[in-house]
Amino acid sequence: MKQLIFKELREQFKVAVLGLVILTLMVSLAFAAYGTQLQQVVWSMGQKTSDSLQPLLRNDLLIQVSFFCAIFGTLLGWLQIRAEKHPDLWAFLVHRPIPRTTILRSKVVAGLLLYLAGTGLPLFGLILVVSIPGNVAAPFEWAMALPLTSICLVGMVYYFAGLLTGLRQARWFASRGFGLGLAVIANCSLFAMPEFWHALLIIVVAGTLLALTVWGSFQTGGFYRDQPVAGKVALTLASTASVLVLIGLLFALSINFLASRGGYTYSHYQLTREGKILRVTQRGFDEADITDLDGQPVLDEKNGRKITLKDLQQRYAQGVSASVDVEQRARRNNQVGESFFNLARFFSPWRVQDKILWYLTADGRLVGYHGISRRYAGTLVPRGTGGSGVVDDSRFLLPQNYRYSYLNNYNIMQPGVLASAKTAYVVDLEKRELKPLLTVTNGDAIHGFSEATSVIAPATNASVLILTRKFIRLLDLEGGTKLQLPYMPSFPQYPTVSVFRYELTNFVVRLEPDYFENKISGGKLLSRVEWVNQDGSIRNAKDLPKLPEPAQNSRAERFLIPLMPPPFPPWSWDEPYRIWNLLRILPAALCVGVGWWLGRRNNFTPKALAGWGIFHLLLGLPGFLAFLAVQEWPATEPCPGCKKMRVVDRESCEHCGVSFAPSEKTGTEIFEPLI
Amino acid sequence: MSDQPVIRTRGLTRYFGAKCAVHDLSLEVPRGCVFAFLGRNGSGKSTTIRMLLGLLRPDRGEASVLGTDSRQLPPELRARIGYLTEEHQLYGWMSVREAGDFQSAFYPRWNEKIFRGVIGHFGLKPEARVKHLSRGMRAGLCLALTLAPDPELLILDDPALGLDPVARRSLVESMIYLTRRSDRTIFFSSHHLSDVERVADYLAVLDYSVLRACCPLESFRTSVQEVQMRFAGVPPPLPTIPGFLQAFRTEHELRVTCVHYNRETEKALRSLQPVAMEMVPLGLEEAFISYLGERGEKTFILSDTEVAS
């Protein structure tokens with residue numbers, strides 16, 4: 001085995017070195033780009049935005065490395081097989097007194113060593129550089145290296161896909177590259193995983209499945225027939241995954257195509273500057289029906305025509321929104337923002353002051369780093385009781401838009417308000433002080449806040465919306481109350497509050513139900529709107545009618561639903577999809593029938609027939625396509641008995657039972673016994 | 001045990017798409033012999049060899065090598081089978097010595113003396129890179145790598161393909177050297193009938209995927225015979241002759257090649273009433289060419305009214 005490993009290392013060494021050089025170059029360029037962006041952010045005082053102030057979590061680097069690892073892994077695997085693709089060299093390799101499994105193991109050990117050397121070294125180098133204080137002007141945690149690590153590891157799944165692609169005795173334009181589908185699924189799934197161990201699990205499962213397919217194919221030189229059962233099953237599943245990816249792509253393309261042509265419909269309510277609520281039903285990107293709550297079209301006063309989306313945008317009421325318990329809800333709702341790839345899991349850039357970048361960390365601290373020296377500059381935390389009571393007020397709550405790059409052109413214009421569970425503060429970064437704005441008492445606690453300048457009042461009259469357990473408060477920066485209302489209906493059913501100003505002095509307050517709570521209650525929670533006078537008295541209140549769910553109301557979509565395997569979660573049980581979901585059983589049943597016929601025709605054992613029948617029933621058309629992709633059909637020739645085409649790998653005709661005749665004698669045969 | 005054939009096939013059949021590459025091949029190769037496997041290009045020799053080694057799955061039939069199903073040859077058995085491929089493919093980056101070291105790591109019975117002896121016989125330098133070797137040298141190295149493990153059965157797929165006469169002679173000498181040990185069996189395919197004649201005990205002939213002959217070398221040579229007949233005028237049309245292969249007709253002469261020449265054949269030929277009739281002795285090459293050549297009659301008459309056809 002040592003000799004084989006050495007041989008493989010020697011053969012693919014150049015490829016690994018090439019990979020290492022390219023990735024080192026990519027990583028170096030990304031680090032240089034980080035330096036440039038950092039300078040821009042510092043010198044523009046945060047007006048130049050960047051969501052990648054931690055090089056390890058830069059989106060562009062993650063995507064580039066992702067592509068690189070996929071290509072490098074695939075290429076390395078493919079080249080390892082390609083090197084012995086000549087039948088004679090393949091024979092030289094496999095005709096030796098060791099099991100093929102040992103030969104493959106040597107290939108894989110060498111291949112993975114080279115892969116890890118080619119990708120792991122540059123990435124480890126980057127992580128090491130970033131971890132050294134003074135190199136990056138942002139907080140560092142070792143967990144920040146996990147996204148890059150997972151991307152590097154998923155490349156090993158591609159490596160197995162590359163091996164399989166090299167091995168498979170299938171046509172290039174057909175199913176030879178079908179192992180890649182599973183690797184693509186594994187790769188894409190990484191970005192949605194909440195924890196690293198979830199990603200690791202996906203990598204291990206996909207990697208093991210593909211390793212099994214490679215093992216099975218290696219035993220037979222790439223043919224499906226004669227493979228061990230485990231190899232056959234793994235190959236079929238991997239191929240099914242690829243078919244699903246292809247169907248998914250087809251689906252996404254058609255949806256995208258149709259959505260841009262009005263196939264996608266969704267409705268929402270929009271408040272105007274006059275305090276009116278309109279219902280907007282949007283189809284596609286720029287087509288919409290705009291009606292009042294009675295369903296009457298809204299007409300333009302000037303020309304009497306129906307108003308368009310563009311007209312409506314001019315009339316939007318501006319306001320401020322805040323949500324309660326942002327962190328807990330994000331976690332509970334399993335939002336994409338919770339992926340371990342998200343920078344917000346660690347910190348969010350908050351402000352730039354005197355060339356110091358201030359970050360709001362996920363554990364509620366303001367941490368500063370000098371933008372030029374890239375050194376740690378200091379930390380600001382609320383002077384709280386440290387969580388000895390019911391609530392922890394020794395840390396800042398996370399603002400509503402914490403997860404969406406808090407440092408941006410709009411936010412840096414805000415006065416800079418943060419809140420702990422007990423106190424809201426105006427943060428003075430120049431003096432590094434926290435000026436208390438509001439402190440709640442009597443068992444009350446702050447659950448959400450948001451700040452606004454020009455949207456609700458002139459910049460000189462900035463406002464802060466604070467949601468406590470009992471009240472909705474709109475304050476000015478001196479702590480004066482502009483509006484105070486009881487928080488009713490309250491959270492957890494109504495966690496989002498928006499306050500709009502209309503007619504200069506009055507307010508509209510809108511309380512939005514939580515999506516998941518509403519789902520649990522069967523959609524009974526309605527969006528509530530209150531028209532409030534300046535003195536806090538409610539002039540009017542209304543529960544807005546329930547809006548229909550967004551719909552891909554396209555014919556193509558309905559036709560595509562039946563292509564999905566029956567056990568997959570239904571697209572939607574609502575009309576018009578219910579019947580289409582039920583129809584998914586029909587293609588599956590048809591596939592069972594055709595699969596059964598093909599199996600009988602090609603001499604399948606009863607066990608194989610039953611196995612494939614169940615497989616087709618469960619996986620429907622994608623499973624059937626995978627079945628066609630992996631099977632190698634024997635040749636057929638006319639039967640001299642019944643004249644029908646019969647398969648050649650049986651001892652007799654499957655139609656009439658006539659045996660294959662021996663070769664016709666010519667009378668010139670020369671046979672003599674040799675023994 | 002020693003009476004058991006080292007290779008046995010029963011109804012071995014293999015298709016590539018709709019084309020039948022090997023049809024219903026049944027064969028037995030005795031232990032301790034040199035067995036030549038002959039046939040024209042594309043007749044299915046390499047396919048058969050690949051099926052024997054379990055590198056290709058037969059569509060029908062079965063094959064066993066050293067008493068084991070060829071589809072399940074265990075590693076211990078592979079150690080007893082040497083296989084030389086027709087294109088002598090090796091890892092180009094290896095040196096001759098590295099190739100030897102690489103191969104020796106897998107064979108406990110590796111005989112360094114044989115390896116050195118064969119590469120010396122072919123004039124190979126141990127430090128020479130495989131990619132820089134000529135085809136003949138590469139064939140020599142492949143042979144050394146195949147012989148050094150001291151295999152019980154040697155399967156050679158057209159080992160002399162593309163070799164110059166000197167290299168070919170070296171190869172044949174190596175084979176003769178090996179067969180001095182009586183328990184060794186060599187199964188080889190070739191197009192060089194002079195080599196076959198020098199070393200082979202038995203031969204098998206594949207014609208268009210079908211086994212047509214399997215016998216001792218001498219039997220084959222004696223079975224294929226040519227009769228030369230002279231006529232006063234134009235030779236008359238041929239009657240049905242048993243074992244007829246081909247005939248060559250000129251103005252006053254008719255040469256007929258057939259197998260299994262016997263009284264019945266003689267009677268049929270004498271019915272043509274030739275002026276003279278004699279048997280022409282054939283070498284293996286002529287016998288083989290006649291046997292696998294185009295069947296039927298050829299005419300070569302040049303007169304005022306007729307042309308060669």
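Q: Is A:Cys188 buried or exposed, and what makes it so?
A: The relative accessibility of A:Cys188 is 52%, and the labels are buried for under 20% relative accessible area, exposed for over 50% and partly exposed in between, with a 1.4 Å probe and protein chains only; A:Cys188 therefore counts as exposed. This is a predicted model, in which local features need pLDDT of at least 70, side-chain atom pairs count only at pLDDT 80 or more, and totals for chains, interfaces and linings use all residues. Residues are numbered from 1 along each chain as its sequence is written, chains are lettered from A and ligands numbered from 1 in the order in which they are written, and side-chain values use heavy atoms, with hydrogens and water left out.

Q: Why is A:Cys188 too far from the closest cysteine sulfur for a bond?
A: A disulfide is a pair of cysteine sulfur atoms within 2.5 Å, whereas the closest cysteine sulfur to that of A:Cys188 belongs to A:Cys69 and is 14 Å away, so the distance is too far for a bond.

Q: Why are α3(A) and α4(A) called roughly perpendicular?
A: Helix α3 (residues 87-94) and helix α4 (residues 100-131), both of chain A, pack at an angle of about 105° with their axes 10 Å apart. Axes are lines fitted to C-alpha atoms, for helices over the stretch in contact, and angles run from 0 to 180 degrees between N-to-C directions. Angles under 35 degrees count as roughly parallel, over 145 as roughly antiparallel, 65 to 115 as roughly perpendicular and the rest as oblique, and α3(A) and α4(A) are therefore roughly perpendicular to each other.

Q: Which residues make the contact between α3(A) and α4(A)?
A: With contact meaning heavy atoms within 4.5 Å, α3(A) contributes A:Trp90, A:Leu93 and A:Val94, while α4(A) contributes A:Arg100, A:Ile103 and A:Lys107.

Q: Why is the pair of A:Phe68 and A:Phe72 called stacked?
A: Rings of Phe, Tyr and Trp (its six-membered ring) pair if their centres lie within 6.5 Å, and planes under 30 degrees apart count as stacked, over 60 as edge-to-face and the rest as tilted. The ring centres of A:Phe68 and A:Phe72 are 5.5 Å apart and their planes lie at 15°, so this pair is stacked. A:Phe68 and A:Phe72 are four residues apart in helix α2 (residues 59-82) of chain A, and are thus separated by about one helical turn. A:Phe68, at 10% relative accessibility, counts as buried, and A:Phe72 counts as buried at 5%.

Q: How do you know that B:Gln103 is buried, and what does B:Gln103 touch?
A: B:Gln103 counts as buried because its relative accessibility is 5%. B:Gln103 lies in helix α3 (residues 96-104) of chain B and, not counting residues up to four places away in sequence, touches A:Phe92, A:Arg96, B:Trp110 and B:Leu145.

Q: What makes A:Thr605 partly exposed, and where is A:Thr605 found?
A: A:Thr605 has a relative accessible area of 45% and is therefore partly exposed. A:Thr605 is found in the loop between α14 (585-601) and α15 (606-630) of chain A, where helices (H or I, at least four residues) are DSSP runs numbered from the N terminus.

How values were computed:
Helix = DSSP H or I, 4+ residues; strand = E, 2+ residues; numbered from the N terminus.
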